[in-house]
Amino acid sequence: MTSVHAVLPDGIDDPVRPSGGNVYDRRICSALTALGWSVHEHAVHGFWDRPGASSFAALAGVLQRIPDGAVVLIDGLIASTAPDVLVPEARRLRLVVLVHMPLGDRPPEDGTRAREHAVLSAAAAVV
């Protein structure tokens with residue numbers, strides 16, 4: 001397998017919004033390219049620290065355009081917030097979640113842990 005789709009937050013390269021997760025994602029994509037992989041990047045608009053309906057709709061739209069059976073690297077911040085979109089897609093796509101920093105350390109009563117657990121459990125792999 002030498003082709004992968006990378007689902008990344010919109011503005012990943014914006015110098016005004018530096019983030020360790022963005023650097024992590026960028027390095028993974030660069031390393032795969034250096035190894036000869038074809039990396040198809042898909043930037044997803046949304047406010048992933050507190051996503052809403054428009055963020056989830058944007059993610060669903062991106063995923064619908066990716067062919068069945070494809071390997072999809074997905075940024076952990078996006079993935080951990082979107083089980084309603086990603087868990088059903090895990091039947092069709094080979095989801096690989098890039099976890100820079102797990103969100104499970106947040107208080108259990110806000111539901112973050114459960115959402116993150118659902119996505120990570122449905123993924124084909126977690127890096």
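Guide: Let's go through this chain by asking what lies behind each label. This is a predicted model, where local features need pLDDT of at least 70 and side-chain atom pairs count only at pLDDT 80 or more, while totals for chains, interfaces and linings use all residues. Residues are numbered from 1 along each chain as its sequence is written, and side-chain values use heavy atoms, with hydrogens and water left out.

Visitor: How many helices and strands does the protein chain have?

Guide: Five helices and five strands. These are DSSP runs numbered from the N terminus, with at least four residues (H or I) for a helix and at least two (E) for a strand. Starting at the N terminus, the order reads β-α-β-α-β-α-α-β-α-β.

Visitor: What makes β1 and β2 a pair?

Guide: Two strands pair if DSSP finds at least two bridges between them. Strand β1 (residues 3-9) has seven bridges to β2, and the two run parallel, so they pair. Along the way, L8 stands opposite A43 in β2.

Visitor: In which order do the strands of the open sheet come?

Guide: The order is β2-β1-β3-β4-β5, with parallel pairing.

Visitor: Which strands does helix α1 lie across?

Guide: Helix α1 (residues 20-34) lies across β1, β2, β3 (71-75) and β4 (94-98), at about 165 degrees to β1. Such angles run from 0 to 180 degrees between N-to-C directions, using axes fitted to C-alpha atoms, for helices over the stretch in contact (heavy atoms within 4.5 Å).

Visitor: Why is T81 called buried?

Guide: Buried means under 20% relative accessible area (exposed is over 50%, partly exposed in between; 1.4 Å probe, protein chains only). T81 has 11%, so it counts as buried. T81 sits in the loop between α3 (76-80) and α4 (83-89).

Visitor: What makes the pair of I78 and T81 a polar contact?

Guide: A polar contact is a pair of N or O atoms within 3.5 Å; within protein, one must be able to donate a hydrogen and the other to accept it, and residues adjacent in sequence count only if both atoms are side-chain atoms. The backbone oxygen of I78 is 2.9 Å from a polar atom of the T81 side chain, and for the backbone oxygen of L77 the distance is 3.4 Å.

Visitor: Is E89 buried or exposed?

Guide: E89 is buried, because its relative accessible area is 14%. E89 belongs to helix α4.
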